[in-house]
Amino acid sequence: MREMLAGAAVGAVAGLGARAMVPVALRGKFRGDVRRLNAGDPSTLLGAYADDAVLHFPQGDHRFSGPWRGRAAIERFLRTFVASRIQGQLRDVAVSGPPWALTIWARFDDHADADDGTRLYENRAVLVLRTRWGRVVDHEDFFTDTERIAAFDRALSERELVASAR
């Protein structure tokens with residue numbers, strides 16, 4: 001009996017330890033994905049999404065407005081993100097749920113600067129990702145200030161018009 005209780009205790013501790021490592025592992029994976037995204041390569045981040053995933057980005061009068069349905073649409077979104085020279089930083093990650101259906105919350109700060117160093121955009125968001133068997137199936141972004149997104153899009157459009165006139 002004593003051996004069974006000791007075995008159960010060891011198993012419980014091991015299970016809790018493994019569970020505690022999930023956010024650490026996800027934080028490391030997503031930080032690497034964000035580094036590659038910041039460098040212009042969205043491929044590893046895109047690989048985390050299921051074929052039928054949906055990315056819900058705040059709606060509005062801007063090029064980023066969602067929803068973006070399916071991996072091909074999410075790839076277009078990520079390429080627009082990269083082309084807009086947005087740089088992101090993952091601040092923290094929290095996880096709940098069983099391994100086959102995780103919910104992941106991530107604090108994400110982002111900004112974009114013009115060629116001359118002028119800060120065109122800066123914002124903070126919480127990203128909520130729901131997974132199924134290791135793939136993101138639903139992703140929703142909640143921003144501190146959604147008007148900043150529309151203002152950034154206007155600034156990008158003005159700079160694109162100036163660049164095309166040259």
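**A strand and the charged side chains**

Author: Tryptophan 105 has a relative accessibility of 35%, and therefore counts as partly exposed (buried means under 20% relative accessible area, exposed over 50%, and partly exposed lies in between, with a 1.4 Å probe and protein chains only). This is a predicted model, in which local features need pLDDT of at least 70 and side-chain atom pairs count only at pLDDT 80 or more, whereas totals for chains, interfaces and linings use all residues. Residues are numbered from 1 along each chain as its sequence is written, and side-chain values use heavy atoms, leaving out hydrogens and water.

Tryptophan 105 belongs to strand β4 (strands are DSSP runs of E with at least two residues, helices are runs of H or I with at least four, and both are numbered from the N terminus). Together with Val126 and Phe142, Trp105 forms a nonpolar patch on the surface, and the three have about 270 Å² of accessible area together (nonpolar side chains are joined within 5 Å and like charges within 9 Å, using residues with over 30% relative accessible area and no salt bridge; areas come from the Shrake-Rupley method with a 1.4 Å probe).

Strand β4, which covers residues 103-113, also holds aspartate 110. Aspartate 110 is buried and has no salt bridge, and arginine 148, the nearest side chain of opposite charge, is 7.7 Å away; a salt bridge requires a side-chain nitrogen of Lys or Arg within 4 Å of a carboxyl oxygen of Asp or Glu. The side chain of aspartate 110 does make a polar contact of 3.3 Å with the side chain of tyrosine 121 (a pair of N or O atoms within 3.5 Å, where one must be able to donate a hydrogen and the other to accept it). Leaving aside residues up to four places away in sequence, aspartate 110 touches several residues, among them Phe81, Ile86, Tyr121 and Phe143 (contact means heavy atoms within 4.5 Å).

Aspartate 33 sits in helix α1, residues 2-38, and counts as buried because its relative accessible area is 5%. The side chains of aspartate 33 and lysine 29 are joined by a polar contact of 2.5 Å, and beyond the residues up to four places away in sequence, aspartate 33 touches Thr44 and Leu45.

Turning to the charged pairs, a search of the whole structure finds 16 salt bridges. One of them joins the side chains of arginine 71 and aspartate 51, at 3.2 Å from N to O. This pair links distant parts of the chain, since arginine 71 is in helix α3 (residues 71-83) and aspartate 51 is in strand β1 (residues 49-56), 20 residues apart. Arginine 71 is partly exposed at 26% relative accessibility, whereas aspartate 51 is exposed at 59%.

Another salt bridge is formed by glutamate 160 and arginine 63, whose closest N and O atoms are 2.8 Å apart. Glutamate 160 lies in helix α4 (residues 147-165) and arginine 63 in the loop between β1 and β2 (68-69), so this pair ties together parts that are 97 residues apart in sequence. Glutamate 160 is partly exposed at 42%, and arginine 63 is partly exposed at 26%.

Finally, glutamate 147 and arginine 154 meet through their side chains in a salt bridge of 2.8 Å, N to O. Salt bridges that share partners also join Arg63, Asp153 and Glu160 into one network.

Conventions:
Lys and Arg count as positive and Asp and Glu as negative; His and the chain ends are not counted.
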